[in-house]
Amino acid sequence: MKREGKDVISLAPGEPDFATPERVARAGGLAIEEGRTKYSPNAGIADLREAIVAKLERENGITGLSPTDSVVVTNGAKQAIAETILAACSPGDEVVVPSPYWVSYPEMARLAGADPVVVRTRLEDNFLLTPEGLEGALTEKSRVLILCSPSNPTGAVYTKAQLAALARVACRHPRLLVISDEIYEHIYYGGEDPFPSSFASCGVPGAAERTVTVNGFSKSFAMTGWRVGYLAGPAPIAKAAAKVQSQFTSGASSLAQHAAVEALAMCEEAAASGGRCGDEVESMVAEFRRRRDYACGRLRAMGGAILPGGREPDGAFYLFPEVSEWMRGSGCETSDELCMRILREAGVATVPGSAFGQGDCLRLSYATSMGELERAFDKIEAWLRENAAGK
Ligand code: PMP
């Protein structure tokens with residue numbers, strides 16, 4: 001549609017519309033100039049693995065990890081999740097995936113020959129998994145539970161108490177490994193703590209030993225194109241994940257790893273002076289918060305869209321409203337149809353909730369400028385007035 005000259009605004013992006021912080025980008029450039037262009041060790045350069053262990057202790061309260069045995073640097077967090085699943089699962093195993101889920105989780109389970117077990121969560125529970133929901137999904141075949149906090153697609157964040165309640169259930173199942181996908185952690189607007197709680201440090205005995213924490217640089221540092229992420233967890237799983245990686249791709253880009261070391265150094269320095277993760281990241285997060293508040297205000301004013309838990313999400317850069325009233329009003333039977341109509345007729349791209357296993361929602365990303373957001377909401381509002389009001 002854009003090529004045809006049509007005015008299309010995208011509320012679909014899954015990446016920050018910000019540049020990589022300058023000193024981080026410069027570190028990548030310097031790595032080229034200095035000729036650090038050879039293969040890196042399969043599981044990552046030592047400086048980065050050490051910085052990751054220090055970061056997980058400093059920001060997440062996760063202790064006892066070893067840079068050589070517990071950490072694997074990967075080509076993005078996506079690879080970290082896929083490798084953990086491939087390392088842990090055999091055909092017939094079950095991977096428990098709360099819905100709405102990030103689109104890749106069920107497919108990764110299938111890739112490993114395992115069966116995704118989708119557990120529905122409730123709009124009024126902010127689409128967070130409850131201990132009862134988890135208990136009801138676990139069987140003797142359950143091998144992995146995947147949690148994502150802050151969540152893509154909802155932006156919801158588990159509190160420490162909520163994680164601990166899930167951990168008490170998980171720890172009764174000796175075979176169960178938990179993948180905690182924390183890729184959006186720095187994009188966080190809630191709570192008194194500077195960072196969202198991590199499953200591995202939720203305080204329940206046995207939780208840390210069964211958790212693979214996944215994180216990366218794509219979202220927090222606006223580094224999606226650099227392709228660097230990591231996993232950290234039990235040594236046998238990390239070792240097996242590294243074996244998978246060594247046959248698939250070898251180590252992550254050496255240049256990106258040097259830039260990533262700088263990103264973590266930036267956070268360490270910020271923490272030493274009472275900050276969170278450096279001025280550039282903090283101002284990006286402040287801008288995301290401003291847009292979140294604006295976008296939620298517009299949705300509320302339009303009516304017919306229900307925010308999960310009835311509130312602004314605490315993290316990431318997505319809204320995931322329930323829009324069945326918009327669907328009814330416009331005669332759309334599915335979120336795919338609604339999404340296509342809003343694209344074709346209003347010129348705004350969104351992602352249908354069905355992609356995330358929740359067919360009566362839409363995902364709206366506010367990783368776009370304030371001006372574009374305003375225009376997008378104007379267009380959606382006008383379209384609703386014409387097509388869905390009072391029907
Ligand atoms: N987990 C979630 C929930 C994501 O949204 C994404 C990116 N869309 C990833 C993992 C993967 O990030 P990357 O591979 O860029 O590090």
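Biologist: In this predicted model, how are α3 and α4 oriented to each other?
Modeller: Helix α3 covers residues 77-88 and helix α4 covers residues 104-111, and the two pack at an angle of about 40° with their axes 9 Å apart. Angles under 35 degrees would count as roughly parallel, and those from 65 to 115 as roughly perpendicular. The two helices, α3 and α4, are therefore oblique to each other.

Biologist: Is the crossing of α3 and α4 left-handed or right-handed, and how many residues of their contact are nonpolar?
Modeller: As α3 passes α4, the crossing is right-handed. On the α3 side the contact uses K78, I81, A82, I85 and L86, and on the α4 side S104, Y105, M108, A109 and L111. One of these residues is charged and one is polar, while the nonpolar ones number eight.

Biologist: What is the distance within which the axes of α1 and α8 come?
Modeller: Helix α1 spans residues 22-33 and helix α8 spans residues 254-272. Their crossing is right-handed. The axes cross at roughly 145° and come within 8 Å.

Biologist: How many charged residues are in the contact of α1 with α8?
Modeller: From α1 come R23, V24, A27, G28, A31 and I32, which meet L255, H258, A259, E262, A263, A265, M266 and E269 of α8. Nine residues of this contact are nonpolar and two are polar, and the charged ones number three.

Biologist: Which strands are the edges of the seven-stranded sheet?
Modeller: This open sheet has mixed pairing and runs in the order β2-β8-β7-β6-β5-β3-β4. Its twist averages 20° from one strand to the next. An edge strand pairs on one side only, and here those strands are β2 (71-74) and β4 (115-120).

Biologist: What angle does the direction of α3 make with that of β6?
Modeller: Helix α2 (residues 46-60) packs on the sheet, where it touches β2, β7 and β8. Helix α3 also packs on the sheet, touching β2, β5, β6, β7 and β8. The direction of α2 makes about 115° with that of β2. For α3 and β6 the angle is about 175°.

Biologist: In the three-stranded sheet, which residue of β12 stands opposite Y318?
Modeller: The order of this open sheet is β9-β12-β11, with antiparallel pairing. Its edge strands are β9 (318-319) and β11 (351-352). Two bridges join β9 to β12, which covers residues 362-365. The residue opposite Y318 is S365.

Note on methods:
Residues numbered from 1 in each chain as written. Predicted model: local features only at pLDDT ≥ 70, side-chain atom pairs only at ≥ 80, totals over all residues. Heavy atoms only, no water. Axes fitted to C-alpha atoms, helices over the stretch in contact; angles between N-to-C directions. Helix = DSSP H or I, 4+ residues; strand = E, 2+ residues; numbered from the N terminus. Parallel < 35°, antiparallel > 145°, perpendicular 65-115°, else oblique. Left-handed = near helix turned anticlockwise from the far one by under 90°. Contact = heavy atoms within 4.5 Å. Nonpolar A, V, L, I, M, F, W, Y, C, P; charged D, E, K, R; others polar. Pairing = 2+ DSSP bridges.
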